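Q: I have a structure open and would like to talk it through. Could you help me work out what is in it?

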Amino acid sequence: MMSRVSSRISREYGGGAKVWGEITKLALGPNIVADLGQGFPDFEGSSKARGEASNAILNMKRENQYSLVPGLPLLRQSLSDYYAKSYPGSKKLDPETEVVVTASGTEALYASFQALVDPGDEVIVFEPFFPWYLPGIRLAGGVPRVVTLKPPNFELVESECRKAFTNKTKVVVLNTPHNPTGHVCRKSELEFLSALCAEHDSILISDEVYDNFTFGDEKHVRACDLPNMFERCVTIGSAAKMFSLTGWRVGWAFGPEDLTTAIRTVHAYSSYCAPTPLQLGIAKALDQFSHTEAENLCTLFQENAVLLSEGVKSVGAYPLIPEGGYFLLADISNTGKTDVEFMRWLAAEKGVICVPMSVFYKSIDAPKTLVRFAICKERATIEKAVTALKS
């Protein structure tokens, strides 16, 4: 009898999805003090974006209908201007041919895999990784080749990267600043990875949705700005992270025209366009983007990490201070529990939600002694969590 469900989809059932379901259920428990599981801010996002989008929804006609497939022209121009100002000396993006707006950064990733990967092509990914990478690769028919990043720093190691490349390597997926570890790639890491991409004629998908969130002296370096890399690089961005509006689902990809044309085609046959009034709100917010506000958020998240680390120590865990991003990792080896056991214990005994890091790995020998906490929260939320952890 023919299966009613595609085998491609049925292979993606279970796995990390089961654990994520348990995390969500635990977070709804009556004794939960602080949900530091899923990475969403618990404060209001950009007032400019919300105000402009609200005005469009209530008072405009055309802006509540379809936008063009590649995105609202105003938003594509705003993105081009924003990146030119934020990265002086970089290539100015052509908003007509080198930018495509998508219904979230996640869709930009999915569309990139579908657009660039043929069945049998190999795709290098670095674990731990955003859990949507592998399904996206497999659904495009790609073959994941996983390189494991080692704690405590989770940096790229040239010899390990080189071993992963073959004559079938079509795409490499990089995420910096990194979810879930908080590692920020140095220029030297990007340089040897870019050299390997050039040597093997591979395309780099650079997931940079956390580009505004680097701590201390660490600075974000874009892979596409390295010599000769723009033509073999697709860069992913997200309004969800930039403006603390994770429910809006507005993202984008930019790169050379032949690659963005392919991504645009997949996008057209999936979501067609991102929500038009929300695109307008993001365009207006980009035009008035405040680096001071972004730096204030960075300071908040960095201080949250330091504060939360004290609470984490009180339950026998060792914090791994991040260099950027939304998250703090902790090593729970000394507790004698696995990451899933620790997650359940922490929710039941302390009312704090964390995420077991095993959901971010593919390898069967993945570490079971790391957990992740979200630091993209109000200070009061982190303070409640620390009080609960120390109680």
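Q: Which residues of H11 are buried?
A: In this predicted model, the buried residues of H11 are Thr276, Pro277, Leu278, Gln279, Leu280, Gly281, Ile282, Ala283, Ala285 and Leu286. That makes ten of its twelve residues, so H11 is largely enclosed by the rest of the structure.

Q: How far apart are the end C-alpha atoms of H11?
A: They are 17 Å apart, which agrees with the 16 Å that the twelve residues of helix H11 (residues 276-287) should span at 1.5 Å a residue.

Q: Switching topic, which residues lie nearest the centre of the largest pocket?
A: Those are Gln38, Gly39, Phe130, Trp132 and Lys241, out of 29 residues that line the largest pocket, and the space in this pocket is about 670 Å³.

Q: Which helix gives the most to that lining?
A: Helix H2 does, with four residues, while H2 (16-27), H5 (105-116) and H9 (239-242) each supply at least two. By class, the lining has 14 nonpolar, ten polar and five charged residues.

Q: One last thing, is threonine 260 buried or exposed?
A: Threonine 260, which sits in helix H10 (residues 257-268), counts as buried because its relative accessibility is 0%, and buried means under 20%. Leaving aside residues up to four places away in sequence, threonine 260 touches Thr97, Glu98, Ala253, Phe254 and Gly255.

How values were computed: Residues numbered from 1 in each chain as written. Predicted model: local features only at pLDDT ≥ 70, side-chain atom pairs only at ≥ 80, totals over all residues. Heavy atoms only, no water. 1 Å grid on protein atoms, 1.4 Å probe; cavity = no way out; pocket = protein on both sides within 12 Å on 5 of 7 lines; lining within 4 Å. Points joined across faces, edges and corners; volume = space filled by probe spheres on them. Nonpolar A, V, L, I, M, F, W, Y, C, P; charged D, E, K, R; others polar. Expected span 1.5 Å × (residues − 1). Buried < 20%, exposed > 50% of the residue type's maximum accessible area, 1.4 Å probe, protein only. Contact = heavy atoms within 4.5 Å.
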